[in-house]
Amino acid sequence: MIAGGVIYSFFFADLKASLLGTVIVFLIMAFLAVKGGVGGGDVWYSAALGAWFGIPAVWYVLLLGSLLAVVINLAGHFKKGVLKNKLNELKSKFILLFIFKDFKKACFKELPEENEADTNLQEDIVPYGFYLALGTLLVFAFKVVVMVENFNLFF
């Protein structure tokens, strides 16, 4: 996918923007992957988006994908009632940290049992690639609409 985006940019778009988009997005996403924020597939997919869209437009794709992930997952948590529990946990941490100045209890909780950790982890995983694809579709659709309006292709 990356090679296809670079080849497309060589013939039809700005090659420099494509290469910069690929490298910069790859480095940022690789850093997030090392920290445990995203998976390896998300890194390569984001780099490919950087190759296809180039450096200015890829930021919109990443921003829209992230916003969609947050909004949709918050709505899902709200619907399941999980959000209320998480907010109550956050409220208790806030009270411990700022009122009682107990940093250790607020920031470091005991690790759950092994079976419990697996089920809690599965609930918190967000499939970021899906939201990147939605962001890609929205940015691409917006580019097509702007192109049609600017050039009056169909009128």
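Two residues are in contact here when they have heavy atoms within 4.5 Å of each other. On that basis, among contacts in the chain between residues at least 6 apart in sequence, 68% join residues at least 24 apart. This is a predicted model, in which local features need pLDDT of at least 70, side-chain atom pairs count only at pLDDT 80 or more, and totals for chains, interfaces and linings use all residues. Residues are numbered from 1 along each chain as its sequence is written, and side-chain values use heavy atoms, leaving out hydrogens and water.

**The overall fold**
- The chain has seven helices and zero strands, where helices (H or I, at least four residues) and strands (E, at least two) are DSSP runs numbered from the N terminus.
- Of the 155 residues in the chain, 23% are buried, meaning under 20% relative accessible area with a 1.4 Å probe and protein chains only.

**The bent helix α3**
- α3 has 41 residues, yet its end C-alpha atoms are only 29 Å apart, short of the 60 Å that a straight helix would reach at 1.5 Å a residue. That expected span is 1.5 Å times one less than the number of residues.
- There's a kink of about 120° at glycine 54 in α3, shortly before proline 56; the bend is the angle between axes fitted to the seven residues ending at a residue and the seven starting there.
- Just after α3, glycine 81 takes a positive phi of about 85°.

- Serine 46 sits in helix α3 and is buried, with a relative accessible area of 0%. Leaving aside neighbours within four places in sequence, serine 46 touches Val25, Met29, Val58, Leu62 and Leu132.
- Leucine 49 also belongs to helix α3, and counts as buried at 4% relative accessibility. With neighbours within four places in sequence left out, its contacts are Gly54, Val58, Val61, Leu132 and Thr136.
- Leucine 49 and serine 18 are 31 residues apart in sequence and 9.1 Å apart in space, C-alpha to C-alpha.

**The largest pocket**
- A pocket is an open set of points on a 1 Å grid over the protein atoms alone, where a 1.4 Å probe fits, with protein on both sides within 12 Å along at least five of seven lines; lining residues have an atom within 4 Å of a point.
- The largest pocket is lined by 24 residues, and Tyr8, Trp52, Phe53, Phe140 and Lys143 lie nearest its centre.
- Two or more lining residues come from each of α1 (2–12), α2 (15–34), α3 (40–80) and α7 (128–151), with the largest share, nine residues, from α3.

Terms used: Buried means under 20% relative accessible area, exposed over 50%, partly exposed in between (1.4 Å probe, protein chains only).
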